Amino acid sequence: MHYVQMAKWRRGAFALALAITTFLGGAASAQDLTVGWNPRSGDMWVDTWLGDMNRYGARYPEPFIDEMVRYHNAPRALVVDLLQTRHWAPGDVYYACSLASVLGRPCRYVVDMYEADRGQGWGVVAQRLGIKPGSPEFHRLKKGFVPTYDRWARPIDLDDDLHRAYPNRGKGKAVTHGKPGRSAAGRGPDTHGGKAEAHGAHKGTGKGNSKASGKENGKASGKGNSGKGNGKG
């Protein structure tokens with residue numbers, strides 16, 4: 001009996017050790033995904049937000065994959081393969097499919113080109129595809145970040161170039177950061193509340209005047225009737 005219990009304990013200990021090793025291996029792989037990762041797009045703002053996409057895509061893979069499939073014409077099987085089998089960073093997946101969308105090319109075409117010259121960074125690949133920093137195509141590429149982040153309801157800070165492209169963003173109802181109308185709606189109740197208070201004060205004054213007038217009229221009528229009665233007697 002004692003031998004059976006020891007055997008069970010050893011099997012349990014082995015299974016636990018295996019689970020811990022697997023977990024640590026997975027954590028290391030996830031960490032290796034972004035440690036030292038540098039997209040080298042040629043634009044600091046783009047590099048920053050591609051890095052943020054790594055965090056979003058790792059935490060919320062399904063919305064990330066849906067975005068690539070629905071809005072960037074990427075085959076779902078390809079996106080899943082890049083993320084899970086080839087261990088691409090989400091930021092790289094997004095940029096490959098975004099470049100392809102701007103060019104009207106299949107996402108796989110850009111993926112293959114990037115894998116052939118991966119060590120040179122996205123800036124070199126984009127220029128080989130005819131997209132240079134400052135060009136209209138590159139501007140479209142940057143603008144595409146904003147609706148993507150809006151669909152994810154994730155805040156994004158704009159640089160000067162994008163502020164010119166979205167001049168009303170951050171003003172009134174145009175403030176979205178992924179949640180359209182939230183800021184405007186947040187201010188709405190304050191404004192309406194102020195009006196409600198004003199109306200309330202006005203109604204209160206009116207009631208007060210009405211009551212006062214009623215009392216005064218009542219007293220006046222009473223006095224008048226009393227005076228008439230005394231006079232007749």
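Which residues touch the most other members of the largest nonpolar core? In this predicted model, the largest nonpolar core holds 41 residues, and Val93, Tyr95, Trp122 and Phe145 are the ones that touch the most other members. At least two residues of this core come from each of helix 2, helix 3 (61-71), helix 4 (76-85), helix 5, helix 6 (107-116), helix 7 (122-128), helix 8 (136-143) and helix 9 (145-151). The most is given by helix 5, with eight residues. Leaving aside neighbours within four places in sequence, phenylalanine 145 is in contact with Trp45, Val46, Trp49, Leu50, Met53, Tyr94, Tyr95 and Ile156.

Helix 2 (residues 44-59) and helix 5 (residues 90-103) have axes that come within 7 Å and cross at roughly 120°. Helix 2 contributes Val46, Leu50, Met53, Asn54, Gly57 and Ala58 to the contact, and helix 5 contributes Pro90, Gly91, Tyr94 and Tyr95. Seven residues of this contact are nonpolar, three are polar and none is charged. Helix 5 also contains aspartate 92, which counts as buried because its relative accessibility is 2%. Not counting residues up to four places away in sequence, aspartate 92 touches Trp37, Tyr114, Arg118 and Trp122.

In helix 4, the buried residues are Leu78, Val79, Leu82 and Leu83. They lie on the same side of helix 4, because they cover an arc of only 120° around the axis. The cover over these buried residues includes helix 3, helix 5 and helix 6. Ala77, Gln84 and Thr85 are exposed on the other side of helix 4. Just after helix 4, histidine 87 takes a positive phi of about 60°.

Twelve salt bridges are found in the whole structure. In one of them, aspartate 66 pairs with arginine 76, with the closest N and O atoms 2.9 Å apart. This pair links helix 3, which holds aspartate 66, to helix 4, which holds arginine 76, across ten residues. Aspartate 66 is partly exposed at 29% relative accessibility, and arginine 76 is partly exposed at 38%.

Lysine 142 forms a salt bridge with aspartate 159, the closest N and O atoms lying 2.6 Å apart. Lysine 142 belongs to helix 8 and aspartate 159 to the loop between helix 9 and helix 10 (160-165), so the pair ties together parts 17 residues apart in sequence. Both lysine 142 and aspartate 159 are buried. A further salt bridge joins arginine 169 to aspartate 150, with the closest N and O atoms 2.8 Å apart. Arginine 169 is buried, at 13% relative accessible area, whereas aspartate 150 is partly exposed, at 23%. Through shared partners, salt bridges join Asp43, Lys142, Asp159, Asp161 and Arg164 into one network.

How values were computed:
Residues numbered from 1 in each chain as written. Predicted model: local features only at pLDDT ≥ 70, side-chain atom pairs only at ≥ 80, totals over all residues. Heavy atoms only, no water. Axes fitted to C-alpha atoms, helices over the stretch in contact; angles between N-to-C directions. Helix = DSSP H or I, 4+ residues; strand = E, 2+ residues; numbered from the N terminus. Contact = heavy atoms within 4.5 Å. Nonpolar A, V, L, I, M, F, W, Y, C, P; charged D, E, K, R; others polar. Core = buried A, V, L, I, M, F, W, Y, C linked by side-chain atoms within 4.5 Å. Buried < 20%, exposed > 50% of the residue type's maximum accessible area, 1.4 Å probe, protein only. Arc of directions from axis to C-beta. Salt bridge = Lys/Arg side-chain N within 4 Å of Asp/Glu carboxyl O.
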